[in-house]
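Hello,

Here is the structure for you to open. My notes follow below it.

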Amino acid sequence: MAQAARSWRAGGALALFLLSTSIMNGTVFPLFDAVFMFARDISVTVAAIAYVALGLAAWRAPHLLTGRLVVAGNALAVAIGVAATAGGVALASAPLLVAGSSLAAAGRSGIMVSVGLALTRLEARSAALAIGGAFAFQLIVSPLTGAMGATVGLALFAALPLAALALVAPPAVSSFEFARGHASPSDLSITRPASFVALFSLLFACLFFFQLAFGFALRFEEVAGSPRASIVPAVPVVLVTGYMALTRRPFPADFSVQLSALAIIAGFLCAVRPLLFAPAADVALLNAGHGLFNLTAQIALVAVAARNPVGAVTVLAWGSGVQSLGSLAGAGAGMIGNAAAAADATWGSLIPAVLLLVFAGWVIIGLKRFSFAELIAGVEPVEVSPAAAPEDLFDDRCAQVAERFALTPREAEVFAMLARGRDRAYIEEALVVSRNTVKAHVKHVYAKLGIHSHQELIDLVEG
């Protein structure tokens with residue numbers, strides 16, 4: 001019963017936040033054009049910076065992120081930011097508009113991470129269904145958001161994320177405090193590299209390239225500053241979510257990515273040479289592919305974060321930050337495509353053609369050896385494993401392994417400390433060496449032992 005209640009709260013919070021994003025794109029952002037058209041791009045950039053900065057803070061200094069202060073600060077930023085945004089629109093003040101929308105964007109970034117943290121507290125299947133239901137709700141309701149007026153749009157743009165935060169505040173605060181009580185992920189990653197996902201991994205590259213398509217669809221051939229809306233993108237998300245609910249099978253992550261890639265490639269192809277019988281097929285297909293991929297990405301990010309709560313804030317923040325950057329790049333390409341099409345129809349087809357080539361190249365080359373399912377399963381939870389044998393036997397076993405793999409005396413010392421679950425700070429202090437020296441020793445130990453994770457190292461000692 002408690003699990004069901006948590007699932008409804010977390011899923012409802014995500015649905016509210018996603019709906020506020022649709023209102024932002026369809027109602028709020030078009031208001032900016034009459035005042036300062038680049039305000040929307042600046043706010044998205046600020047959102048990306050806020051996500052990455054939050055991820056870096058959680059990576060290097062999680063003790064600075066007091067849960068209650070983070071949650072309260074995000075709520076305050078959204079409330080003040082949206083009020084200033086409304087004032088900027090009403091007064092036609094570009095500085096006020098930029099300041100307000102940027103502050104709201106920063107607050108929204110923190111709220112999205114808080115929602116993700118609440119989802120990590122759910123069982124994997126419950127989290128996947130909650131996420132699927134939220135995305136289905138957003139895509140079904142999104143076409144209606146363009147019809148609401150400016151006043152209603154701005155009011156909901158403020159109220160919905162605040163309501164979402166209210167639903168998930170307790171688990172979010174708890175997750176921030178949990179991270180504060182442990183060593184920083186940057187330290188833990190030195191001795192447990194398999195427990196963390198690097199910022200420049202294929203996961204985040206994948207998020208960027210797929211979000212590129214969404215950003216392009218937002219701005220390409222937009223109508224009065226608003227993206228073209230359609231119910232089509234909801235279809236694949238509803239079908240996949242229904243499949244999970246009815247069959248009780250795990251979410252087919254890799255298959256969903258393949259389907260979304262196919263839809264996006266078809267969308268770019270239609271944008272290059274529009275189909276006469278379906279003039280809006282390009283944006284509909286792009287958004288359908290993006291919707292299905294975004295569902296997959298959110299489930300993957302939550303699953304990775306759930307397997308390693310110490311690094312949860314970092315992976316959720318970096319994932320959303322990279323997506324914001326991809327959306328920004330795609331939106332820029334869409335605007336360039338609009339300008340080119342206004343000058344010459346042939347040139348207007350060039351931008352989607354280039355994006356088609358880039359995206360197809362990424363799918364063929366970049367995703368060749370990437371699997372969401374394998375990524376999630378490969379994340380090793382951070383656990384300090386005590387030695388199961390008496391101290392003297394444990395020391396003998398460490399010495400045997402060190403001799404077998406020809407470790408140097410210093411490497412043997414580092415190996416023994418790793419086997420006992422010591423972190424980077426402990427090793428650095430015990431050996432009186434620098435962080436980089438510890439990192440080099442750990443790298444050499446892993447290479448000589450032919451392992452890739454801390455668990456494999458422990459298995460060598462206990463085997």
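R180 is partly exposed, at 31% relative accessible area (buried is under 20%, exposed over 50%, partly exposed in between, with a 1.4 Å probe and protein chains only). Its side chain meets that of E177 in a salt bridge, 3.1 Å from N to O (a side-chain nitrogen of Lys or Arg within 4 Å of a carboxyl oxygen of Asp or Glu). E177 is partly exposed too, at 30%. Both residues lie in helix α6 (residues 150-180), three residues apart, about one turn of the helix (helices are DSSP runs of H or I, at least four residues, numbered from the N terminus).

A word on the source. This is a predicted model: local features need pLDDT of at least 70, side-chain atom pairs count only at pLDDT 80 or more, and totals for chains, interfaces and linings use all residues. Residues are numbered from 1 along each chain as its sequence is written, and side-chain values use heavy atoms, leaving out hydrogens and water.

The structure holds seven salt bridges. One of them pairs D187 with R424 at 2.4 Å, N to O. That pair links distant parts of the chain: D187 is in helix α7 and R424 in helix α18 (residues 424-431), 237 residues apart. Both D187 and R424 are buried.

E411 and K448 also meet in a salt bridge, at 2.8 Å, N to O. E411 counts as buried because its relative accessibility is 6%. K448, at 34%, counts as partly exposed. Shared partners join D187, R424, E428 and R435 into one salt-bridge network.

Best wishes

How values were computed:
Helices (H or I, at least four residues) and strands (E, at least two) are DSSP runs, numbered from the N terminus.
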